[in-house]
Amino acid sequence: MRIDVVSIFPAFFDALEVSLLGRARGSGILDIRVHDLREWTHDRHRTVDDTPYGGGAGMVMKPEPWGEALDAIAAEAARPPVFVFPSPAGEVFRQSTARELALEPHLVFGCGRYEGIDERVFEYAAERGTVRLVSLGDYVLNGGEVAAMAMIEAIGRLVPGVVGNPESLVEESHEDGLLEYPSYTKPSEWRGRAVPPVLLSGNHGAVAQWRRAQQLERTRSRRPDLLPPAERGE
Ligand code: SAM
């Protein structure tokens, strides 16, 4: 999978060099290229923002550098890419979104700053690929970089070969609509706290039943909104 990232703070993405994604980049499974939007400016101050039409506080990212950035990336693309613009006004990013995007051969993340990007950039991008405005959650960040990082990690780990044991991707929170059951490791007793005895029983059926019950209980108490209506008692 190829991932291009456009940002005025490329250093945010240095962390993509480490851990599983860093290894996947090294082995060529993930081809991640980070670009500085200011490379596509032509004035002495490398300006990427200007005052908003209609007035109001803050600055808006200018369309010209974005247009050049998208042109340059699209020109290298074998097929029209999916442009992902992190935005608090977008659809909420979920595990299902990560699964969908992990199937795409080419993603381009456009990281906004200030009050956001001139709206015409999204229309322009939509003529060159698919556009998705995606929110990390119902709160406002200073820029799209942290949101893009979170999305790249969630998507990247679903790309075959990135996580060594693909089975570890199956039993996770949000994969079957529920939160994951609690996990324990050795020692079986730690500071007066014992591991639930069923996990030491060697009875796989009983373990599976206990884990399922824990998933439902956790989801009911922490995230009742995730439960199907029948389980919520509606
Ligand atoms: N004025 C915008 C609004 O009210 O919708 C918020 C702009 S925010 C300060 C600057 C940039 O941060 C956005 O363009 C977006 O790229 C990013 N951002 C902020 N919150 C985000 C969130 N919850 N999810 C994804 N991106 C976010």
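This note reviews the overall build and the charged side chains of a predicted model.

1. Overall build. The protein contains 7 helices and 9 strands. Its C-alpha trace extends over about 70 × 45 × 35 Å along the principal axes. Of the contacts between residues at least 6 apart in sequence, 74% connect residues at least 24 apart.

2. Burial and surface. Buried residues make up 39% of the 234 in the protein.

3. Charge. There are 26 positive and 35 negative side chains, and the centres of these two sets are 6 Å apart. Side chains of opposite charge can pair when their charged atoms come close. A search of the whole structure identifies 17 salt bridges.

4. The pair R2 and E76. These side chains form a salt bridge whose closest N and O atoms are 2.8 Å apart. Because R2 belongs to strand β1 (residues 2-7) and E76 to helix α2 (residues 63-76), the pair ties together parts 74 residues apart in sequence. R2 is buried, its relative accessible area being 13%.

5. The pair D118 and R120. A salt bridge links D118 with R120, with 2.6 Å between the closest N and O atoms. D118 is buried at 14% relative accessibility, whereas R120 is partly exposed at 48%.

6. R25 is partly exposed, with 23% relative accessibility, while E17 is exposed at 57%.

Notes. Residues numbered from 1 in each chain as written. Predicted model: local features only at pLDDT ≥ 70, side-chain atom pairs only at ≥ 80, totals over all residues. Heavy atoms only, no water. Helix = DSSP H or I, 4+ residues; strand = E, 2+ residues; numbered from the N terminus. Buried < 20%, exposed > 50% of the residue type's maximum accessible area, 1.4 Å probe, protein only. Contact = heavy atoms within 4.5 Å. Lys, Arg positive; Asp, Glu negative; His and termini not counted. Charge placed at Lys NZ, Arg CZ, Asp CG, Glu CD. Salt bridge = Lys/Arg side-chain N within 4 Å of Asp/Glu carboxyl O.
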